[in-house]
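Hi there,

Here is the structure I promised to pass on to you. Have a look at it first, and then read my notes below.

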Amino acid sequence: MRFRNNAAAVRVKIEKELFMTKILVVDDDKDQLKILSGFLKKKGFDPVTAQNGVKALEEFKKNSFSILLTDLKMPEMDGEKLISEINRINPIVKKIMITAYADVETTVNVMKAGADDLIEKPVNLEKLLEKLKKLESEYFMDEESEAIMSEIEIQNLPVKIIGKSTEIKEAILRAGRVASKNWTVLLKGETGTGKELFAKLIHLLSDRKDFSFVEINCGAIPENLFESELFGHAKGAFTGADKDKKGLVEIADKGTLFLDEIGEMPLLMQAKLLRFLQEGKFQKVGDTETRYSDVRIIAATNRDLTAMIKENLFREDLFYRLSVLDIEIPPLRQRKEDIHLLTDFFLKKYGQSNFSFDDEALNSLIKYNFKGNVRELEHIVQKAIAFSRTNIISKQDLPPEVRFFREDDSSILKEKVSVLEKEMIITALEKNGWNQTKAAKSLGISERVLRYKMQGYSISKD
Ligand SMILES: Nc1ncnc2c1ncn2[C@@H]1O[C@H](COP(=O)(O)OP(=O)(O)OP(=O)(O)O)[C@@H](O)[C@H]1O
Ligand SMILES: [Mg+2]
C-alpha cells in the first residue's frame, strides 16, 4: 500500500499495532526466538522477545501483553517460575509453555503452575498458531467479561455473579452485549443455574435500569387468571373483579418484564403474548380500549422448547420471536472450577468467612453432579455450616448424596491433561508413521498402555 504522506502511513501503522495481539516470547535459545517471532509477525501478531525470565518480567511490566509463550527450561528463572510471577501481576494473560518432553508428570506440573496450554519441542508452527488463536479469543472474552464485572462493582449493582470458568464468562459477556439492545432475550439453563440472576443483570446493565424489573412465574399462575395478571382487567370483567387492575405489562412500562418458566405458559396465552410482542399493544380483560406499553421482555426456561414445539405444547412463532438473542447458562457440573469460588462466596454470604472446606470435602463437591446447580450448592453450604462442629468443614459434614456420590473423577486438571495426552499420542503416532511400538517408546509407555489409551480416546489411523 502507498501513502500520500507520512502521517497517514504512521496512523495506519499505529492503528494496525493497536489491534495486533501482543505476545511475549521467552526462550534462552536465540535461534528459536527468531523463528518464533518471525512466524508470529507473519501471522499478524505483535511479538516481543526476551532471552530469560528476568528480562521477560521487565518487558511484561512495561507493556500490556495478551499472551505469554515461554520455554520451560531456562537458566536463572525457569518457565514455571515466570508463569507464577506473571500470574501475580495479571492473571488473565494466557500462557503457553514450550517443553522438550511432555510426559504426563511434566504436563500436570506445567498446568499446576498456571499454564493454559503446552506445546512440545520441536514446535509445530501450525499447531502453535491454532493454540494461539484459541487463547487469543479466550483472552478477549476474559477482558470483556472482566469489564462487565467491574461495571457491576463500580455501579454497586445488587447482583453478584461468581465464577471464572470460560462458560460463565461467555454468559456474562453475552449478557453485557445484549443489555443495551431492546430485543427479547431467552435465557436457557437447568434449574438453579442463575437464570433469574442473569435476567436482573441484563436489566441493570440496560438503559431501563431506573424503571421496574417485574417478574412473573408462568408456572405459578392459574390458567384462568393469566390474562388478567399479564394485561390487567376492567372493573366487573368477571366475578370478583371489583375494581380496575393494572397488568404486569403496564406496571413494567419502560422497564423489563421477566417471564420465568415461559414453557409453562398456556397455549392461549402464548398467542396473546405473541400479539403483544409483535404490536406492542394489548387490551385489559373486559375492556375494549387498546393500550400500549414499552417493555423489554426477558424469558427463561429450563425446558427444551424445541421439543415442546414438536409436541405442539409451545408455539413455534413465539419461540422465534423470543429467542432473537439467547443465552445458555451452563450447568455447574460443566464449570467445576467455579465450585470453590462459590463455596467461599456462600460462606461469606452466611457470615461465616472464617469457615472453610477441607480438601477432601472440596473434592467430593467437585466430583458431585449438582442436578440443582448453584442453588443446590448454596443449600449444601448452609447445611454444612449448621452441622460442622469446627470451622473446618469436612466430608462428613456434607449430605449423603454428595458423600456417597460415585462417578468418574473428572477434575478440571484431569480434563485438561487428557486433552493434551490425546494430542501427544496422536503426534507421537504421526511422527512414527503410526508404528505403535515406536510411538509407545517415544512416549515412554508400554505398547499395551498405548493401545489401551488409543482405545479410550478413540484414536485410529483413519
Ligand atoms: N454465578 C452465580 N454466582 C452467585 N450466585 C449464584 C450464581 N448463580 C446462581 N446463583 C444463586 O443461586 C440461586 C439460584 O439462582 P437463580 O434463581 O437465578 O436460578 P434459576 O436458573 O432461575 O433457577 P430455576 O430454574 O430453578 O428458577 C440464587 O440464590 C442465585 O443468587
Ligand atoms: Mg428462576
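Ligand 1 sits in the second largest pocket. A pocket here is an open set of points on a 1 Å grid over the protein atoms alone, where a 1.4 Å probe fits and protein lies on both sides within 12 Å along at least five of seven lines; a molecule sits in it if more than half of its atoms lie within 2 Å of its grid points.

This is a predicted model, with local features needing pLDDT of at least 70 and side-chain atom pairs pLDDT 80 or more, while totals for chains, interfaces and linings use all residues. Residues are numbered from 1 along each chain, chains are lettered from A and ligands numbered from 1 as written, and side-chain values use heavy atoms, without hydrogens and water.

Around ligand 1 there are 17 residues, and Ile162, Thr191, Gly192, Lys195 and Arg375 are the closest (near means a heavy atom within 4 Å). Oxygen atoms of ligand 1 have polar contacts (N or O pairs within 3.5 Å): 2.7 Å to the side chain of Lys195, 2.9 Å to that of Arg375 and 3.1 Å to the backbone of Leu197. The protein buries 87% of the 630 Å² that ligand 1 exposes when taken alone (Shrake-Rupley method, 1.4 Å probe).

Domain 2 (166-328) and domain 3 (333-398) each give at least three residues to this shell; the domain bounds come from an automatic or database assignment.

Happy exploring!

How values were computed: Polar contact = N/O pair within 3.5 Å; in protein donor to acceptor, adjacent residues only side chain to side chain. 1 Å grid on protein atoms, 1.4 Å probe; cavity = no way out; pocket = protein on both sides within 12 Å on 5 of 7 lines; lining within 4 Å.
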